[in-house]
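Hi,

Here is the structure I said I would pass on.

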Amino acid sequence: MLTLEQAAKRFGETRALHPIDLTVSPGRTLVVIGPSGCGKSTLLGLMNGLVVPDSGRVCFAGAPLTAETVTAARRRMGYVIQEGGLFPHLTAADNVTLMARVLGWEQARIGTRLEELRQLTHFPAAGLARFPGELSGGQLQRVGLMRALMLDPDVLLLDEPLGALDPLIRFDLQEDLREIFTRLAKTVVMVTHDLGEAAFFADSIVLMREGAIVQQGTLANLSERPADPFVTRFFEAQRGHWAEGGAAP
Amino acid sequence: MTRARFASRLLPLAALALLLAPLAARAADEVRIGSKKFTESVILGEAARLLIKDAGLAVRHRRELGGTAVLWNALLRGDIDVYPEYTGTLRAETLARLKLADDAALEAALAKRGLRMSPPLGFNNTYALGMARARAAELGIARISDLTRHPGLRFGFGNEFMDRGDGWPALKRRYRLPQADVRGLDHDLGYRGLVAGEIDVMDLYSTDAEIAYYGLAVLVDDLRHFPAYRAVFLYRADLAARAPAAVRALERLAERLDAGAMSRLNRAVKLEGASETRAAAGFLSARLGTGVIADESSLGARLWQRTIEHLTLVLISLGAAVGISIPLGVVAFRRRGAGRVILGMVGAIQTLPALALLVFMIPLLGIGGPPAVVALFLYSLLPIVRNTHAGLAGIGAPLRRSALALGMEARDRLVRIELPLAAPVILAGIKTAAVINVGTATLGALIGAGGYGQPILTGIRLDDTASILEGALPAALLALAVQAAFEMAERRLIPRGLRHRVAAG
C-alpha cells in the first residue's frame, strides 16, 4: 500500500531521517514508536507528502508521490494529529464534511455519511453544531477521526492521536479506536511514544531512534529477540513505569 | 459558506458606492466656477454663481480651491470653467515670462491658451504697503520711496508676496529698499502684528477691509512698481460656445464693482460675519437691480450635501482599497520576495503626508473628487494589506498541515480556510483604514472635493469657530459611526468559533 525506498530527510544541518526502507501492508495496523525527536512524525509526514524526502522516494498504491500526484493521494489518506487540528471557524459537522463539500458531494450523501461516522465514533448528535472551542479533548479527537474517515480513505495516518488526553478519556478512546480499525479493516499507521498503546493497537511495530529504524516486527518479536540493547532498554523503561503504577511518559 | 456570507455582506457597501458615484460626478452642462482661498475671491465666485443661476443655468461654485497656480491649471485642464482673477497677477506672475505690455497683449496670450477674460469688474485690487497711521505720521512716511530713509523698519509680508515675481524681491530692487528685518507671515496675522507694533510695514491688498477697520496708512506707489490688478472673470473660450448665456451673465458685472464697494463686501464677510452668498446677493440686487436672492442652503441641507460628498469619497476609495489590498496581502503572504516589495511600497505611501499626497494628485488628475479618491485609496492600502498578510501569517502550523493533509487545492485552502481564519484581523485592518479615511477625507476640501473639510477650511480663513465645528463635529461623529458599524459587522461576519480570539493586528 505504502512503501518508502531509501527515503531520507534533513532539516538544515540536522539529519532527521537516515535513508529508510519500509513497507506498510494493507489492512494492517503499523505502530511507529520511539523517544521524542527520533523522527517518527517526520516518517509519517513522508507518507502523505507533508514532508518531501531529500533522496529516495515514497510510493502510494504503486505510484511515487510527486507534486502532481500528492493532492489526489492525500484524499485517499486520512490524517489525524494531536488535538485534532480542527478548523476553529467551522462547526464539528462542517469540519468533518469540508472535503466532501469541496468535491461537490450531494447534500444527502454528505448527511448519510456524517451520520454513519457519528455513530461509528460514538459522537453525540448535539455536538455536531458546536465549534471546536466548545468541545472536550476526547470529542475533538472523535471529530478529527470522522474528518479523516469522511472520504472513506484507504489509509489512516495518526500522529499521537491520544497524546493530549487525560488517562480515562484516553482509555475509552483507545477501545473505540481499536474497534473502528478492526471493523473497517483499514490500513493504519499510528505514531506514539507509549509502548502500552503500541501493544494495544499494533499488528506490527517499528521502533525508531535518532532518525533510523532500530527494529521492526511484532511486539513478541521485539521483546524476545531484541536486535539492539536499545530495544531492551526502551522496553524496560516503559515497564518500569507500569511497575510503579504511574502513567506512561 | 463563510466566504459567500462575507461577500454578501460586502455587496450592499459596493452597491451604495456605485449609487453615490454619480452624485460626485458633475452634470455635463453645469457651469463650474472656482475661487481662490481668500475671501474676496470667494465673494466674486458667489456673485458669478448667482448671476449665472439668475440666467437660468445649472451652476456650481467650488470654493477656496487654493492659490493662483491651482486655479489656473484647473481652468486650463477644464476642471472649472470660470474663476475670478486679476490682470496684474496674470501679467506679472502667471505669464510673467511673456512680458506682456498691456491688457490687450494679455487677451491675445489668453486666447492662445483657449481662455478669455470678462471686461474688468471695476476695481483694482493692487498690492500696496501699509503702516499704522500714527507710526507713519511720526516718521513722516507717505510714499514707498520714503522708506529708504528708515533702514531699521521691520517688514512683515504675506508668504505669497515674499515669493512672487511682482512681490518683495522686485519691489526691493525697484525702490532700493535697505531694510534687512523682513519676515514672511500669514497675511491675516500681518494686521495683528502691525496693530501690536511687532512689525512696522506690511503688504496690503488695496480692497482689504482691514485697511479702514484698523485705520492704516496706505503708502503711495510713487515709482509705479505694481501693475494694475484689475479684477476680471477668467473663463474657458468653450464656455462662450457651450453656454453663451453664462458669459453674458458674467458681463453684467462689468465696471459695476468699484474698490469701495469691494472693500465693503470684504468687510461685511470678514469683520461682520455675513456669508459670502449674502454679501454677494445683497450687492447684486442693490447695484444691478436683479431679483437675485441669497440662496444659502439651510444647515440641514448643507450637512446632507457634505455628508453625501464625504461618504462618496470614503466609500469609493475604501471599497477600491479593500478590493485591491486583500489580493495584495495574499500575494505578499504567498510569495516572500513579492511580499517584501508590496509591503515596502504600501508602507512608503503611508509615510507621505496626506496633504502632500493630495497635492501630488493635482497635476495627474486635476482637482475635485477623483484625485481625492485616488489619494484616499492609496492611503487606505497599508492597514488592509498589512493585516491581510499578518492574519494569514498568524495561522498556526497544525491548521496549515491539516488543510494540506486533507488534499485541498491552494485555491480552496485560501477561500475556505486561510481567509476565514484571517478574517478578524483583516476586518480590523479595514476598520483602521476606514476610520483614518474618514478623517483624512476632510483634507479633500483643499483640492475641491467638498465634504466635511469645506466648512473647516472656511472657518480657518474667517477665524470662525462655528464654521470649523460644522465640519469637525460631523467628521468625528462619522468616524465613530464607522467604528460602531465595523464592530457590528465583526459580530455578524466572524463565526462564533473565532470570536473569542483577539481581532488585533
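Start with B:L250: leaving out residues up to four places away in sequence, it touches B:A48, B:L51, B:V82, B:S118, B:F233 and B:Y235. Keep in mind as you read on that this is a predicted model. B:L250 is also one of the two residues with the most contacts inside the largest nonpolar core, the other being A:V32. That core has 177 residues, and α20(B) brings the largest share of them, 13 residues. There is a second, separate core of 24 residues, with B:F161, B:V201, B:Y205 and B:L219 among its members.

A:V32 sits in β3(A), where five of the five residues are buried. Which residues cover the two faces of this strand? On one side there are A:T29, A:V31 and A:I33, and on the other A:L30 and A:V32, all of them buried. As a reminder, side chains in a regular strand alternate between the two faces of the sheet.

β3(A) has partners on either hand. With β8 (residues 187-192) of chain A it pairs in the parallel sense, over five bridges, and A:V32 has A:V191 as its bridge partner there. With β9 (residues 204-209) of chain A, β3 (residues 29-33) pairs in the parallel sense too, over four bridges. In β9(A), the bridge partner of A:V32 is A:V206, while A:I33 stands opposite A:L207.

Zooming out, that strand belongs to an open sheet of six strands in chain A, ordered β6-β7-β8-β3-β9-β10, with mixed pairing. At the edges are β6 (77-81) and β10 (212-217) of chain A, each of which pairs on one side only. From one strand to the next the twist averages 15 degrees. Helix α5 (residues 137-149) of chain A lies across β6 and β7 (155-159) of chain A, and runs at about 165 degrees to β6(A).

Chain A has another open sheet, with four strands in the order β2-β1-β4-β5 and antiparallel pairing. Here the edge strands are β2 (14-24) and β5 (63-64) of chain A, each pairing on one side only. Inside it, β1 (residues 2-11) and β4 (residues 55-60) of chain A pair in the antiparallel sense over five bridges; for A:T3, the bridge partner in β4(A) is A:C59. Helix α1 (residues 40-47) of chain A packs on this sheet and touches β1, β2 and β4 of chain A, its direction making about 125 degrees with that of β1(A).

Back to chain B as a whole. It has 22 helices and 10 strands, and its C-alpha trace spans about 95 × 55 × 40 Å along the principal axes. Of its 505 residues, 45% are buried. If you take the contacts in chain B with a separation of 6 or more, 78% of them are between residues 24 or more positions apart.

The domain division of chain B goes like this: domain 1 is 28-124 + 229-288, domain 2 is 127-219 and domain 3 is 299-498. Taken over C-alpha atoms, the centres of domain 2 and domain 3 of chain B are 47 Å apart.

One residue I looked at separately is B:A228, in the loop between β9 (216-219) and β10 (231-236) of chain B. Is B:A228 buried or partly exposed? It counts as partly exposed, because it has 15 C-beta neighbours inside 10 Å. Leaving aside neighbours within four places in sequence, B:A228 is in contact with B:T87, B:G88, B:N124 and B:T126.

Last, the contact between the two chains. 21 residues of chain B are in contact with 18 residues of chain A. On the chain B side, α19 (397-405) and α20 (410-440) each supply at least two residues, and α19(B) gives the most, with six. By class, that side has 11 nonpolar, five polar and five charged residues.

Cheers

Key:
Residues numbered from 1 in each chain as written. Chains lettered and ligands numbered in written order. Predicted model: local features only at pLDDT ≥ 70, side-chain atom pairs only at ≥ 80, totals over all residues. Domains from an automatic or database assignment. Contact = placed C-beta atoms within 7 Å. Nonpolar A, V, L, I, M, F, W, Y, C, P; charged D, E, K, R; others polar. Pairing = 2+ DSSP bridges. Axes fitted to C-alpha atoms, helices over the stretch in contact; angles between N-to-C directions. Buried ≥ 20, exposed ≤ 12 C-beta atoms within 10 Å, placed from the backbone. Core = buried A, V, L, I, M, F, W, Y, C linked by C-beta atoms within 7 Å.
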